[in-house]
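Me: I would like to go through this model and ask what stands behind each label.

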Amino acid sequence: MGINVMVTRTSRVWLEPSGIVRVVILPRPTITREDGREIAAAVIEVGGGRARPLLVDIRQITHVEREARQQYHELDGLLRAAAFVVGSPVSWVIGSFFLTLNKLPYPTRLFSSEAEAMAWLAGFIE
């Protein structure tokens with residue numbers, strides 16, 4: 001884990017030495033609008049306000065409110081790309097649903113492997 005870890009009610013956020021911002025969603029039944037705002041603010045702060053690649057581990061999510069998903073649009077201009085790591089058929093469905101409903105303005109993909117996600121994001125490091 002990176003040196004400066006921000007912890008919100010629902011996540012841990014840090015900047016990897018490589019320049020990739022990491023978000024690990026903690027086990028929660030629902031991610032609300034307020035949770036989404038907190039996570040987005042943490043991503044901006046940890047990233048130093050610079051456009052960076054983002055890796056989000058959504059393996060522990062069971063439901064994300066629509067308003068929470070919209071917070072990823074607020075990061076437009078601050079993300080070069082986003083990779084979502086899923087670990088089960090349920091999280092794959094949630095991730096696919098999210099990407100289908102939310103056409104994000106930066107390259108976005110789902111991965112079942114953290115290593116594959118990091119390798120893909122490496123192509124977006126400045």
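This is a predicted model: local features need pLDDT of at least 70, side-chain atom pairs count only at pLDDT 80 or more; totals for chains, interfaces and linings use all residues.

Me: How do you know what span is expected of α1?

Reply: The expected span is 1.5 Å times one less than the number of residues. With 14 residues, α1 has an expected span of 20 Å, and the distance from its first C-alpha to its last is 20 Å. After the helix comes Gly 48, with a positive phi near 70°.

Me: Why is Thr 10 called buried?

Reply: Buried means under 20% relative accessible area. Thr 10 has 0% relative accessibility, so it counts as buried. This residue sits in the loop between β1 (5–7) and β2 (11–15). Leaving out residues up to four places away in sequence, Thr 10 touches Val 24, Ile 25, Leu 26, Arg 28, Ile 31, Asp 35 and Ile 39.

Me: What makes β3 and β4 a pair?

Reply: Two strands pair if there are at least two bridges between them. Strand β3 (residues 21–25) is joined to β4 by four bridges, and the two run parallel. Val 24 stands opposite Asp 57 in β4. From β3 the chain passes through helix α1 (residues 33–46) to β4, a β-α-β crossover that is right-handed.

Me: Which strand does β4 pair with over six bridges?

Reply: That strand is β5 (residues 79–85), and the pairing is parallel. Here Asp 57 stands opposite Val 85. Strand β4 (residues 52–57) is mostly covered, with six of its six residues buried.

Me: What makes a group of residues a nonpolar core, and which members of the largest one touch the most others?

Reply: The members must be buried, of nonpolar type, and joined through side-chain atoms within 4.5 Å. The largest core has 28 residues, and those touching the most other members are Val 23, Ile 25, Val 43, Leu 54, Val 56, Tyr 72 and Phe 84. Its largest share, five residues, comes from α1. Apart from this core lies another, of nine residues, including Leu 55, Ala 81, Phe 111 and Leu 121.

Definitions and conventions: Residues are numbered from 1 along each chain as its sequence is written. Side-chain values use heavy atoms; hydrogens and water are left out. Buried means under 20% relative accessible area, exposed over 50%, partly exposed in between (1.4 Å probe, protein chains only). Contact means heavy atoms within 4.5 Å. A crossover is right-handed if, with the strands pointing away from the viewer, the path from the first strand over the helix to the second runs clockwise.
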